[in-house]
Each structure stands twice: as C-alpha cells, then as structure tokens.
Amino acid sequence: MEHEGSTSDGPLLTTVELSKYYPIRRSFLSRSPVRFVRAVDKVSIELPRKKTTAVVGESGSGKTTLAMTMILAILPTSGKIFFEGREITSKKGQNSKELYRNMQMVFQDPDSSLDPRFRIKDLIAEPLRGLLHLNEQAISDQVNESLEAVGLSQEQSVRRPAQLSGGQKQRVAIARAIATKPKLVVLDEPTSALDASVQAQMLKLLLKLQNTYELSYMLITHNIAVAHYLSDIIAVMYTGNLVEYGPTKTVLRKPRHPYTITLISSTPIPNPLVRNLLKTEIRGEVPSAINPPSGCRFHPRCPFAEKRCSEEVPPLREISPGHYVACHFVDKTG
Ligand SMILES: Nc1ncnc2c1ncn2[C@@H]1O[C@H](COP(=O)(O)OP(=O)(O)O)[C@@H](O)[C@H]1O
Ligand code: SF4
Ligand SMILES: [Mg+2]
C-alpha cells in the first residue's frame with residue numbers, strides 16, 4: 001500500500017509497519033521489563049478519506065491499541081504514521097492541537113468517557129476550549145450545532161450524564177467528537193453497549209453525520225452486521241496482525257484468509273472443500289500476544305496449515321484490486 005505524497009485525494013491516514021508493545025514487568029520491585037505484549041505488530045494500513053474502515057477481530061486482537069496508536073493517544077513502539085501524507089509519528093514540528101482536533105475518538109462506554117460532574121453542554125465545549133482558539137460566542141454556537149446534529153435538545157444540554165439514557169449519553173460522546181470538526185473519528189464499538197432498538201438509530205445517525213461533515217470513520221466492531229451496514233472497507237486483525245483488508249462487499253462475500261472465513265461463519269462458502277474443512281471447528285484458543293506462534297500466527301488453528309506456515313510470516317499480498325490477504329496458501333480458499 002503506497003503512502004507517499006500529500007495529495008488531497010490520497011488516503012487520510014496511513015501506517016507503515018506500526019507496532020505497539022506493552023512491557024510486562026517481572027514484579028513491582030523489578031523495574032526491568034522482561035517480556036512484551038505485542039498488541040499491535042507491524043500493521044500497514046490505509047484509511048481512505050470520507051469512508052468507513054471497519055476493523056474486526058476477536059477480543060484482544062489489538063483493535064483498540066491500533067486505533068489509539070494511530071491517533072497518537074498512545075505512542076507507537078516502532079513504525080510510521082502519515083496523516084494526509086505528512087509523517088506525524090513523533091509529533092515533532094507538528095501543531096499537535098491541530099492534529100488532535102482532526103482525530104477524535106468515541107468509546108464503547110459513555111459512562112467511562114463522560115465526566116459525571118459536568119453538564120452536557122460543558123462536556124461538548126471542553127475539546128473546543130482545549131483545541132481551538134475560539135471566543136465564548138463561537139464555542140456556544142458550535143456546541144448548539146453539535147447538539148442539534150446528534151438530536152439532543154437545549155433542555156437536555158443543561159443536564160448531567162446520569163440524567164440521560166444510554167443512547168443519549170452516546171449521542172453526547174459523538175457530539176463531543178464532532179464538535180472540533182475533525183477529519184477522522186474512531187468509533188470503538190460505538191453501539192455494543194446499547195439496546196438493539198437504540199443501536200439502529202445510532203447507526204443511522206453515524207451515517208448522517210458522516211455525510212454532513214465528510215467524516216472518515218475507523219469503526220471498531222466485533223459485529224459483522226454493523227460492519228456490513230456502515231463500512232466501505234474491512235480490515236481483519238488476528239493477534240496484533242492485519243490478516244485481510246479489502247472492500248467490505250468483497251471481504252464479506254468472498255473472504256479469503258482462513259481466519260476471516262471462520263469469523264464470518266454465517267457467510268455461505270461456495271467452495272465445498274473449504275466448507276468441509278472449516279466444518280471441523282477451528283481448534284484451540286486465541287494465542288497469547290506475549291509469546292505468539294512463529295510464522296503465521298494462525299497456524300496452530302488453521303485447517304490448511306503446512307510446514308511453511310510455522311516458519312515464514314506470510315506477507316499481505318494483493319490478490320485482486322484493493323483486496324489484500326496474508327496467507328501462504330490463499331489459493332486453497334479460492
Ligand atoms: N495498557 C496495556 N498494558 C498492557 N497490555 C495491554 C494494554 N492494553 C491492551 N493490552 C493488551 O494488548 C492486547 C490487545 O488489546 P486491545 O487492543 O484492547 O484489543 P481489542 O481492542 O482487539 O480487544 C491484549 O492482549 C491486551 O491484554
Ligand atoms: S499461512 Fe498457513 S497457517 Fe496461515 S492462514 Fe495461510 S494456510 Fe493457514
Ligand atoms: Mg477493544
């Protein structure tokens with residue numbers, strides 16, 4: 001995937017071999033880190049402009065860490081990040097307020113992201129005060145615009161989070177994220193804490209806001225139906241690695257990495273060989289990101305694994321336009 005150039009039609013954000021390792025300390029007394037959790041390991045990915053990239057994968061596969069590292073909420077261990085073609089990896093020489101106003105995040109649980117002591121309108125004003133040089137009138141106007149955009153009333157804006165429903169609180173979190181007029185919004189499981197009836201409204205709202213404000217979304221979800229509804233691109237993570245990336249329709253209709261095939265198990269699989277092999281359920285547990293399997297990390301569980309799989313890391317290869325798969329034997333799933 002190319003990352004050069006800062007043309008306005010290039011990708012919004014690109015990572016090159018981005019890694020985040022968390023040190024595990026031996027004990028409270030020993031300060032020397034001995035081992036690492038390889039939460040994100042050499043992920044190269046592009047987020048296109050004004051589109052939604054869904055990141056899917058089991059719990060612990062590194063989705064949240066990837067997102068937080070991409071937007072520099074946590075610093076990477078190695079690798080590079082480009083925003084609109086400019087490298088931002090080590091914010092040096094950057095206007096970091098300008099960068100942060102452009103990259104916002106909505107978390108799964110609004111109760112942990114919204115300070116219960118503040119009124120709704122002050123919660124929405126907070127990033128505006130911190131990141132933009134606006135006068136009080138401009139802040140108030142922007143708060144009102146954001147409230148209206150997410151469907152909250154003036155009367156609700158003077159309440160505190162505890163006085164709102166779960167869905168209303170998530171609307172506040174979204175209003176906060178869009179208030180600075182960002183280019184990228186990361187949505188980390190934005191609807192999974194909500195009732196099913198509220199989820200559908202929230203997905204519609206997210207689509208509407210994307211159109212109004214020309215937002216690029218990075219949508220983290222374990223719900224394939226949500227990814228199907230909202231996303232243009234799907235990226236599949238497995239223990240810190242990106243194993244498949246491509247247009248949502250292609251990946252859902254014809255997943256090619258054996259792990260993606262099992263993840264999207266409800267997808268009809270036309271190839272009878274693949275279907276039968278995958279009937280033998282995927283063996284074993286998700287491997288640990290502390291000591292991941294050699295070669296292809298999926299090899300202990302993969303029905304197609306051969307000797308080479310435990311020896312060589314499969315690179316992400318383009319198998320059709322825009323569709324990338326990291327598997328030595330991708331032909332077997334064709
Ligand atoms: N702050 C942290 N310190 C140590 N390990 C972490 C930290 N955050 C996440 N991890 C570990 O990194 C891996 C990826 O976690 P995470 O990015 O939260 O995955 P996901 O969002 O896909 O569930 C997991 O093994 C998790 O335990
Ligand atoms: S590289 Fe080997 S182990 Fe990994 S997914 Fe492909 S066939 Fe399975
Ligand atoms: Mg997560």
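Visitor: Which residues are closest among those that surround ligand 2?
Guide: This is a predicted model, in which local features need pLDDT of at least 70, side-chain atom pairs count only at pLDDT 80 or more, and totals for chains, interfaces and linings use all residues. Residues are numbered from 1 along each chain as its sequence is written, and chains are lettered from A and ligands numbered from 1 in the order in which they are written. A residue is near a molecule if its C-beta atom, placed from the backbone, lies within 6 Å of it. Ligand 2 is surrounded by 13 residues, and the closest are C296, C302, F304, C309 and C327.

Visitor: How many charged residues does the shell around ligand 2 have?
Guide: Ala, Val, Leu, Ile, Met, Phe, Trp, Tyr, Cys and Pro count as nonpolar, Asp, Glu, Lys and Arg as charged, and the others, Gly among them, as polar. The ligand 2 shell has 10 nonpolar and three polar residues. Its charged count: no residues.

Visitor: Which element gives the most to the shell around ligand 1?
Guide: Helices (H or I, at least four residues) and strands (E, at least two) are DSSP runs, numbered from the N terminus. β2 (33-47) and α1 (63-70) each supply at least two shell residues. With three residues, the top contributor is α1.

Visitor: Which residue of β7 stands opposite M105?
Guide: M105 points one way from β6 (residues 103-106) with M103. Strands pair if DSSP finds at least two bridges between them. Four bridges join β6 to β7 (residues 184-188), and the two run parallel. Opposite M105 stands V186.

How values were computed. Buried ≥ 20, exposed ≤ 12 C-beta atoms within 10 Å, placed from the backbone.
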